[in-house]
Amino acid sequence: MPAKDRKIAFMGFRSVGKSSLIIQYVENQFVDSYDPTIENTFAKHTKVGGQEYNLLVVDTAGQDEYSVIPQSYFININGYVLVYSVNSQKSFDVVKHVYNKIIDMKGRMTVPIVLVGNKKDLRIERVISEEEGKHLAESWKVPFLEASAKENSSVKDIFDTVLNTIKQKENGETPEKSNCTLS
Ligand SMILES: Nc1nc2c(ncn2[C@@H]2O[C@H](COP(=O)(O)OP(=O)(O)OP(=O)(O)O)[C@@H](O)[C@H]2O)c(=O)[nH]1
């Protein structure tokens with residue numbers, strides 16, 4: 001099977017760790033300093049479920065509730081990773097705004113999205129429980145993961161999950177449908 005070209009965008013509030021998750025995945029390193037992103041694109045060749053991918057990852061400038069999302073983030077993007085950090089209520093609120101904007105532009109049924117709660121290593125500072133994240137993802141009917149770029153926890157899972165979600169949507173499956181049995 002030839003490698004498939006896929007492009008995904010990471011979105012969410014400032015400083016939630018979008019760049020850190022991507023750099024951990026692409027370069028296997030964690031940088032503790034904070035350097036706000038304007039926009040970056042990273043390339044990585046990967047294999048998920050026997051399928052090879054030429055993956056492009058767009059690291060966006062952090063959004064807030066007032067951001068107008070550039071048209072380019074809606075064109076030629078196959079899937080979205082929406083990130084909040086578990087120590088920030090504001091980032092959890094902003095991720096809902098970003099979701100609504102994507103859905104307005106792309107339509108609920110067609111758009112592959114994964115919700116990620118990052119910085120799960122910050123146990124004492126946590127203000128968003130895992131249950132709250134799970135609940136939000138369930139209401140959107142999208143996969144949910146908690147991760148830590150710092151501890152390299154569940155980072156590869158994010159990318160595997162978004163590529164699998166894109167594949168399911170392309171095959172016309174929903175997670176519920178693909179699990180159902182006919183009697
Ligand atoms: N403890 C902890 N800190 C993290 C984690 N991920 C990122 N950080 C830190 O959070 C800060 C912001 O990380 P970035 O990756 O730059 O966040 P961003 O979402 O790309 O930020 P913008 O470019 O402003 O949108 C940096 O100081 C990181 O070192 C994590 O999993 N745990």
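Modeller: The shell around the ligand is made up of six nonpolar, nine polar and six charged residues, where Ala, Val, Leu, Ile, Met, Phe, Trp, Tyr, Cys and Pro count as nonpolar, Asp, Glu, Lys and Arg as charged, and the others, Gly among them, as polar. This is a predicted model, in which local features need pLDDT of at least 70 and side-chain atom pairs count only at pLDDT 80 or more, whereas totals for chains, interfaces and linings use all residues. Residues are numbered from 1 along each chain as its sequence is written. Of the 21 residues around the ligand, those that come nearest are Gly17, Ser19, Ser20, Thr37 and Gly62, a residue being near a molecule or strand if its C-beta atom, placed from the backbone, lies within 6 Å of it. Helix α1 (residues 18-27) gives the most to this shell, with three residues; helices (H or I, at least four residues) and strands (E, at least two) are DSSP runs, numbered from the N terminus.

On one hand, β4 runs parallel to strand β1 (residues 4-12), to which five bridges join it, two strands being paired if DSSP finds at least two bridges between them. Within this pairing, leucine 82 of β4 is the bridge partner of methionine 11. β1 is in turn joined to strand β3 (residues 51-60) by seven bridges, again in the parallel sense, and there phenylalanine 10 stands opposite aspartate 59 of β3.

β4 also pairs with strand β5 (residues 113-118), in the parallel sense and over six bridges, with valine 83 opposite valine 116 in β5. From β4 the chain crosses through helix α2 (residues 89-106) to β5, and this β-α-β crossover is right-handed, meaning that, with the strands pointing away from the viewer, the path from the first strand over the helix to the second runs clockwise.

The 18 residues of α2 reach 26 Å from the first C-alpha to the last, close to the 26 Å expected at 1.5 Å a residue, the expected span being 1.5 Å times one less than the number of residues. Ser91, Phe92, Val94, Val95, Val98, Tyr99 and Ile102 are the buried residues of α2. They lie on the same side of α2 because they cover an arc of only 160° around the axis, the arc being that of the directions from the helix axis to the C-beta atoms. An α-helix has 3.6 residues a turn, so residues three or four places apart point the same way. The face of α2 turned away from the buried side carries the exposed residues Gln89, Asn100 and Asp104.

Beyond β5, two residues of the loop between β5 and α3 (130-140) deserve mention. Lysine 119 lies in this loop and has a phi near 65°, a positive value in a residue other than glycine; lysine 119 is buried because 27 other C-beta atoms lie within 10 Å. Serine 129, in the loop between β5 and α3 as well, counts as exposed because it has 12 C-beta neighbours inside 10 Å. Serine 129 is 43 residues from valine 86 in sequence, yet the two are 7.2 Å apart in space, C-alpha to C-alpha.

Terms used: Buried ≥ 20, exposed ≤ 12 C-beta atoms within 10 Å, placed from the backbone.
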